[in-house]
Amino acid sequence: MSERDVFEYALLRVVPRVERGECFNAGVLVYCRAKSFVAARTHLDEAKLRALDPEADVAGVRAALRAVEGVCAGGDAAGQAARDDAGRRFRWLIAPRSTVVQPGPVHTGLTADPQAEAVRLLDLLVR
């Protein structure tokens, strides 16, 4: 059996009208300190978004999800967070905020492959 490492994850929720509090899952953030790994995988269900808010800014929500992916990827796409390590980028992304794209609570688990875990969680909890 391969060695498994502790990882943390949080769902990315879309809250089209913050004042109503209705939301749905649109992505997952995965962080594994042992592997210096952080990634976001996203999937926007436009039908769910429009059901909660027919006038929602679909392009804006997509841009916000892409921005989270960019921060995780690091480099130029991460903007000011580019100099931060994977853990600091993850902690910044999971900080509570009152925006259309919000992080959920952090959960933990064990994995031998954090990259595969991100895909598995996206399929299990988002799609």
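The model is predicted, so local features need pLDDT of at least 70 and side-chain atom pairs count only at pLDDT 80 or more, while totals for chains, interfaces and linings use all residues. Residues are numbered from 1 along each chain as its sequence is written, and side-chain values use heavy atoms, leaving out hydrogens and water.

**Strand S1**
- S1 pairs with S4 (residues 101–111) in the antiparallel sense over nine bridges; strands pair if DSSP finds at least two bridges between them.
- Seven bridges join S1 to S2 (residues 24–32), also antiparallel.

**Glu8**
- Glu8 is placed in S1 (residues 5–14); strands are DSSP runs of E with at least two residues, helices runs of H or I with at least four.
- Glu8 counts as buried at 16% relative accessibility, and stands opposite Tyr31 in S2.
- Its side chain makes a 2.8 Å polar contact with the side chain of Arg91 (N or O atoms within 3.5 Å, one able to donate a hydrogen and the other to accept it; residues adjacent in sequence count only if both atoms are side-chain atoms).

**Aromatic pairs**
- The structure holds two aromatic pairs (ring centres within 6.5 Å; planes under 30 degrees apart are stacked, over 60 edge-to-face, the rest tilted).
- Phe7 and Tyr9 are stacked, with centres 5.9 Å apart and planes at 25 degrees.
- Tyr31 and Phe90 are stacked too, at 5.2 Å and 20 degrees.
- Tyr31 lies in S2 and Phe90 in helix H3 (residues 86–94), so this pair ties together parts 59 residues apart in sequence.

Methods:
Buried means under 20% relative accessible area, exposed over 50%, partly exposed in between (1.4 Å probe, protein chains only). Rings of Phe, Tyr and Trp (its six-membered ring) pair if their centres lie within 6.5 Å; planes under 30 degrees apart count as stacked, over 60 as edge-to-face and the rest as tilted.
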